[in-house]
Amino acid sequence: MEILAQSSSGLSVFRDDDEIERGGNLKSELDKAIKGSQVAIIVFSKDYASSKWCLDELAMILACKDTSQHEVFPVFYDVKPSEVKKQSGSFAHSFSRYEKELKKAGRGTETGKELIKKDGSSNANILVIYGMGGIGKTTIADIAYNLNCHRFESSSFVANVNQLISKQPNYILELQNQVLSNVLKRGKGRLDDVHEGEFKISQAIRSKRVLVVLDDVDKLKQFNTLLGTQAFYPGSKIIITTRNKGLLRALPAHEAREIQILDDDQSLELFSWHAFGQDHPVDGYEEQSERLLRRCNGLPLALQVLGSSLFRRSIDIWEDELSKLEKTPHTDIQEVLERSFYTSLDDYDRDLFLHIACFFIGEEKDDTVKILEMCDLHPTVGIENIIDQCLLTVEGNKLMMHQLIQEMGKEIVDKESRKEPERRSRLWRHKESFHYLGCLKTLDLSHSERLAKTFNFSRLPNLEKLILKGCVGLLEVCESIGFLKELDLLDLEDCTSLKKLPRNIGLLNVLRELYISGCSNLDDHPAELGKMKSLSVFQADKIVWNITCTPKAIVL
């Protein structure tokens with residue numbers, strides 16, 4: 001398609017070329033050209049309607065025609081006017097495909113229409129769209145922008161704010177230039193510093209009714225830097241998308257919309273459009289589709305990525321992909337979800353997030369906080385920070401996480417060492433854990449207050465030190481402790497609920513140190529304890545026993 005736009009600056013020609021990657025900057029240039037022109041000449045060809053961009057731009061041209069003195073002249077090249085009017089011939093197929101593409105946006109299209117109502121309101125307002133990565137925030141904001149930008153004097157859509165600034169902090173000047181250029185409807189100038197940009201944007205926005213979308217904002221500073229003001233011209237609309245729910249507390253008066261995951265019916269329809277080109281699975285793929293839907297758990301990004309990757313693939317490929325997903329997340333999904341982890345959490349909160357993802361999902365929040373406080377990770381504030389990033393929720397005082405977010409965390413740990421699990425910072429799979437435990441020499445479970453009984457020690461043949469100090473709920477030490485032929489230290493200090501020592505303690509032929517001070521409820525000891533010739537340090541503060549073989553160092 002070609003748009004010939006006549007304005008005060010002359011005649012400009014814009015050609016729709018499918019080989020060009022149509023990014024946000026090109027889109028804003030076309031928007032600006034259409035709204036700034038007096039006359040538009042649209043050249044319709046046979047392939048015109050095959051381009052979604054052409055149809056989007058046509059809608060904008062016609063909207064400008066309805067709201068201004070914009071004149072439109074159609075030219076029909078190798079196509080009959082009746083085909084365009086009645087949507088027949090090549091136009092019938094293209095419009096049918098376009099309608100399907102709109103459905104692929106899921107609930108985004110309808111939500112986008114609702115976001116900016118044609119209510120004639122003269123009050124400026126800010127709308128914040130928030131939710132986890134991949135939930136559809138940008139899609140909804142984009143639709144709202146395209147459906148409404150023609151109603152404003154100026155408009156600007158700034159994509160991927162936090163992602164771009166995180167990679168290149170000085171890029172904020174480029175984004176300021178984009179906003180200023182779009183609002184003033186002129187070519188990009190040069191800003192020498194951020195403060196100059198804030199001032200110029202502020203002056204421009206205060207004098208016009210504008211629509212501005214800031215996509216992926218994480219901090220209030222980004223909002224202020226790109227808008228330069230919190231005082232907008234009456235009737236202006238500002239849309240912000242963010243993963244940071246905490247931003248809601250810092251922003252000026254605004255409306256907030258949390259985007260929820262899709263329900264089962266919506267998920268199946270969205271997935272089917274991408275996987276099968278229709279709104280339901282084809283025969284023979286129903287069971288595999290259901291398994292993939294369970295894995296996606298209503299996340300639009302995952303439904304689109306996995307559906308598209310399996311389009312026109314055999315059932316064997318589907319099965320293999322399902323098997324692969326059990327071991328590792330899809331790269332495209334992982335990349336999007338990781339952004340919140342790497343760009344929005346500090347080192348303490350990253351460690352805390354990985355602990356929770358690997359070990360504490362479904363556990364009581366209060367119990368988890370007590371355990372993680374001993375890791376010096378400041379879990380009380382850290383958990384709130386992770387919740388603010390839409391990475392975690394608390395339901396009935398239990399810590400909950402979207403399945404794909406949890407898998408993202410575990411994948412980060414797995415990548416630390418694919419082939420050598422023992423080199424990873426965390427182990428949670430039973431097979432890997434037991435393999436690693438078999439090599440373990442020191443096991444420190446100090447202050448595990450909810451530990452009532454120790455596990456079977458037979459899988460720890462190389463253990464040399466067992467530390468259970470301060471396990472106040474410990475009632476019993478498993479008799480399998482006798483298998484620990486290499487154990488030379490056993491610390492049971494302040495295990496106040498422990499009533500007896502295991503009988504098999506006498507089988508520990510190389511045990512040199514035993515600590516039971518503070519075990520106030522101990523009322524018996526095995527006779528074998530007094531026969532342990534290897535025992536050289538025995539601390540039993542305020543516990544009096546008759547021991548026939550006195551260790552070299554003893555504290556009673």
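How many salt bridges does a search of the whole structure find? The search finds 22 (a salt bridge is a side-chain nitrogen of Lys or Arg within 4 Å of a carboxyl oxygen of Asp or Glu). This is a predicted model, in which local features need pLDDT of at least 70 and side-chain atom pairs count only at pLDDT 80 or more, while totals for chains, interfaces and linings use all residues. Residues are numbered from 1 along each chain as its sequence is written, and side-chain values use heavy atoms, with hydrogens and water left out.

**View A. K398 meets E364 in a salt bridge.** Here the N to O distance is 3.1 Å. The pair links distant parts of the chain, 34 residues apart: K398 sits in strand β11 (residues 398-400), and E364 in the loop between α17 (347-360) and α18 (365-373). Helices (H or I, at least four residues) and strands (E, at least two) are DSSP runs, numbered from the N terminus. K398 is partly exposed at 33% relative accessibility, as is E364 at 27%; buried means under 20% relative accessible area, exposed over 50%, and partly exposed in between (1.4 Å probe, protein chains only).

**View B. D414 pairs with R429.** Their closest N and O atoms are 2.8 Å apart. D414 belongs to helix α20 (residues 403-414), and R429 to the loop between α20 and α21 (430-437). D414 is buried at 5%, whereas R429 is partly exposed at 30%.

**View C. Q222 lies in helix α10 (residues 220-227).** Q222 is buried, with a relative accessible area of 8%. Leaving aside neighbours within four places in sequence, Q222 is in contact (heavy atoms within 4.5 Å) with V161, N162, I165, D216 and V217.
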